[in-house]
Number of protein chains: 2
Amino acid sequence: MSKAISIFDTTLRDGTQGEGVSLSADDKLKIAKKLDDLGAHYIEGGIPGSNTKDIEFFKRVKELKLNAKVVAFGSTRRKGSIASEDANLKRMIESGAQAATLVGKSWDFHVHTALQTTLEENLSMIYDSIAYLKQSGMEVIFDAEHFFDGFKHNPEYAQAVLTKAHEAGADWLVMCDTNGGTMPHEVHEIVSSLHRMLPQAHLGIHTHNDCELAVANTLSAVQAGARQVQGTMNGYGERCGNANLASIIPNLQLKLGYECVAEDSMKQLTNVARYISEIANVNMPINQPYVGNAAFAHKGGIHVSAILRDSRTYEHIVPELVGNKQRVLVSELAGQSNIVSKAQEMGLEFDTNSANSRQIIEKIKDLEHQGYQFEGADASLELLIREANGDMKELFTFESFKMLVEKTAGKSVVSEAFVKLNVAGASVYTAAEGNGPVNALDNALRKALVQYFPSLAHMHLSDYKVRVLDEKDATAAKVRVLIESKNTENTWNTVGVSENVIEASWEALVHSFRYALLQERILDEPDARSLPSHGLVNH
Amino acid sequence: MSKAISIFDTTLRDGTQGEGVSLSADDKLKIAKKLDDLGAHYIEGGIPGSNTKDIEFFKRVKELKLNAKVVAFGSTRRKGSIASEDANLKRMIESGAQAATLVGKSWDFHVHTALQTTLEENLSMIYDSIAYLKQSGMEVIFDAEHFFDGFKHNPEYAQAVLTKAHEAGADWLVMCDTNGGTMPHEVHEIVSSLHRMLPQAHLGIHTHNDCELAVANTLSAVQAGARQVQGTMNGYGERCGNANLASIIPNLQLKLGYECVAEDSMKQLTNVARYISEIANVNMPINQPYVGNAAFAHKGGIHVSAILRDSRTYEHIVPELVGNKQRVLVSELAGQSNIVSKAQEMGLEFDTNSANSRQIIEKIKDLEHQGYQFEGADASLELLIREANGDMKELFTFESFKMLVEKTAGKSVVSEAFVKLNVAGASVYTAAEGNGPVNALDNALRKALVQYFPSLAHMHLSDYKVRVLDEKDATAAKVRVLIESKNTENTWNTVGVSENVIEASWEALVHSFRYALLQERILDEPDARSLPSHGLVNH
């Protein structure tokens, strides 16, 4: 039997059922791109027509020209109706997705309790819906909801459901442990029996983590003959989450010899998992297997001296296989390869043996220790490297800012910012209002600079994220602000860290303006001819 | 074969190897008491003599008169020495613990690389150390480090190690997957073979979560004949953590029919797990299986209407069996069934046909349209429903706030807040500084209220999240702030939405304080006797 596994990602659909996970259409598109880079074979985007985000996603995802198949999710036709007249099925076809996940009931109890129809009608609903979608030319993945609970209560009916879906032409028959309560040995027995019963069918597995067994159950099913695994990155999903693809993929490929993704893509796993946690704005637990920050961190003294002799003593894989790295918590020895590759990308010479390079690496390590994260802030990292390399000239220097928010009962809130800079030897003092404190700061800073650097009029902030770094004492903890900025050609990301959200925002904002100027190659002071005639500018 | 399982907790020893987990002697004693209440059979407290905390723990734990056996941890004697002269072994005996965990090498590679001794000498080290501890009257649990890796590389030697420990009189032979890289089917095969080889021995299992399989591996071992499970509460431990007893205990007992703890104790599981996360000062992931806040939380509208008919439709166990409870999340994906069930959960009558109820549903829909999200803000939703129901009395009214952040080059940023409220007819005006704007507002608001409501001194903010809702124009876009608050008993979540991050934070903050007062059942105005004697309070 083939060892090739089809990776089906439902982060964008089932993942958003998780508490605290909410993705905009833009977020979904960014994540889809990353999943495609990783090598997912199917990317389930949402439920066509259910809300404006999903409508926009299916419309715009075509422009990305992904290698992965884009999948639309929906339920079987309503009871007592005709498939070709079913609004949901029609919307799945109209979405333009190459494949459809059709979910149907396979537990008799659910047919009676939730659908409130007959077992026979449910079989017809499944058959008709699959046949209709197949006629439209879509690939059809049939998700048998509550399959394992159904099998345990009424095996004949659960089998009849899969047989019916197979007869209707479904390309994949996926057994779902919807409630997450099934044990690994049960999954193995049940999938094996279905594999014997339908040897020609392509079987898949979809598990949930309610017993902390979603990954194990997925492996059990694959070992019993399933060849598609459905899951989400970082295990996002309803209740305790879906099966975590970031653990399943390396387990299958590095431990059990199955083929999931290209070897080079596997090295992107940590990066992709962390990127998605940033976009979803959900903290990744530091102890997350394979991709977490502590996954290869060693604290115990005996462990540390042993890994220095031979890292196999306390590491189950070489961390670089999944793009992670070893960390020794007593003395940080972690890698500089990211910095080197970033510098090369920028066209800078970067000799790791030079004093200058070592200084940059030390500085970045120190900043990361303080809570900066450059994975999501390329522009800030570039400024840092250029500065250390002497490539940057300061175009303005900071003198002070004040930011005031005032609210009186029954009146609108007012935000004002006052910014004092020195630009080309002139002191510039501006005041501006805004819709909020960061907008007020943005407006005041822009007002101060745009007269010297008119190109800044074309840039704007397009995303703003705040992350609390130490949740133990929330309002007195450090926060990290990530800002995304755009102009007509480019998008760039900057970072600021402080105990004060306003100060962190200011830092990221200033980086953004400096990077905008760098892009325009205004590396020197503004030309005298373009300066306003007066030295001191007050607004 | 008996179905009784011996629960061995090592939260206090292996758990503290986790990054960010640090426990004082007092913390350890509190946790030991809770674990004893839960019914753990063995509580491993630490390494006697290794540090002052552990010395104090072993001294003071005797006063607690636990039912559980207290266990001291240590390694086999040093190579080329005599067990009765080994300082570590002596300290284990002197600790007064009833049982000893003795860790020894079972992987030949480690004997050579880490111990740098011969295979024969390692066997003697194991035999001598166990025999010496047994002579002292202690129960001895032998932890065979790297047993599974050892078995895969040199099965004869791994078997010889366990045989030697058995001959020396060890009460338990525990197979450790120290690096966490073993697959469940391998664990099953290896434990089965040892069970056949040493049918009289009591076998145990100790796993790590590096492949997200620690729980599955533990179940595999029990199904193959192991009768002691070693793990930590919430899975704390080095790298990706140890096997999580909070998932293992209910899986073994509720799913697989083994006997771990008394039925009544099982109902304490959620409480114990959350208590330990509080003492360890590590946030519990909301999606933690069985005991997490989202473990039985339902978001999808179809799911919600089904669980209202019969909760077995989407719940694998009755949450009360482990002391958890069902929660219905209100979200864009759901209809009004979520709100009805939320009101029922609060003990409110809620007839969807009444004008009042319709009004609440309309209001919630309208707020969600504005960007509020109640799935992560139960407390704000409850305030809203109670208000509409006339159950809430305002304990204070807002008059105004001002918030100022000021930064000058070379100086620290300063945040100040000024809050004016009316409490019980008195105008209260306070000023406070903070580490950031929200902290300053929190401090000023607390200062204003705590004199009237002293219980507020025990609450604090434990998480703070900011989400930008419309990314097209980031700094002028709406933001949603979610605040998590805690007091000694409870955790609650509130939400605020505004174009202004400070106003949104203020709103969530005020909700949090109002909900804290609601919990204290201070539904009426403060009693005149508890009021400060002067009407106007300025700070």
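This note sets out the folding and the chain contact of the structure in numbered points.

1. Basis. The model is predicted: local features need pLDDT of at least 70, side-chain atom pairs count only at pLDDT 80 or more, and totals for chains, interfaces and linings use all residues. Residues are numbered from 1 along each chain as its sequence is written, and chains are lettered from A and ligands numbered from 1 in the order in which they are written.

2. The barrel. In chain A, strands β1-β2-β3-β4-β5-β6-β7-β8 form a closed barrel of eight strands with parallel pairing. Strands (E, at least two residues) and helices (H or I, at least four) are DSSP runs, numbered from the N terminus; two strands pair if DSSP finds at least two bridges between them. Strand β1 (residues 6–9) of chain A is joined to strand β8 (residues 228–231) of chain A by four bridges in the parallel sense. Within this pair, S6(A) has Q228(A) as its bridge partner in β8(A).

3. Helix α5 (residues 119–135) of chain A lies across β4 (99–105) and β5 (139–145) of chain A, at about 175° to β4(A). Angles run from 0 to 180 degrees between N-to-C directions, and axes are lines fitted to C-alpha atoms, for helices over the stretch in contact.

4. A helix pair. Helix α1 (residues 25–38) of chain A and helix α12 (residues 269–280) of chain A have axes that come within 10 Å and cross at roughly 170°. The two helices, α1(A) and α12(A), are therefore roughly antiparallel, a term for angles over 145 degrees. D27(A), K30(A), I31(A), K34(A) and L38(A) of α1(A) meet L269(A), V272(A), Y275(A), I276(A) and I279(A) of α12(A); residues are in contact if their C-beta atoms, placed from the backbone, lie within 7 Å.

5. The chain contact. Chain A contributes 95 residues and chain B 97 residues. On the side of chain A that touches chain B, strand β11 (residues 396–408) of chain A gives the most, with 11 residues. Nine bridges join β11(A) to strand β11 (residues 396–408) of chain B, and the two run antiparallel. In this pairing, S400(A) stands opposite T408(B).

6. The core. The largest nonpolar core has 209 residues, of which A100(A), F142(A), A100(B) and F142(B) touch the most other members. Such a core is a set of buried Ala, Val, Leu, Ile, Met, Phe, Trp, Tyr and Cys residues joined through C-beta atoms within 7 Å, where buried requires 20 or more other C-beta atoms within 10 Å of the residue's own.

Notes
Angles under 35 degrees count as roughly parallel, over 145 as roughly antiparallel, 65 to 115 as roughly perpendicular and the rest as oblique. Two residues are in contact if their C-beta atoms, placed from the backbone, lie within 7 Å. A residue is buried if 20 or more other C-beta atoms lie within 10 Å of its own, exposed if 12 or fewer, and partly exposed in between; C-beta atoms are placed from the backbone.
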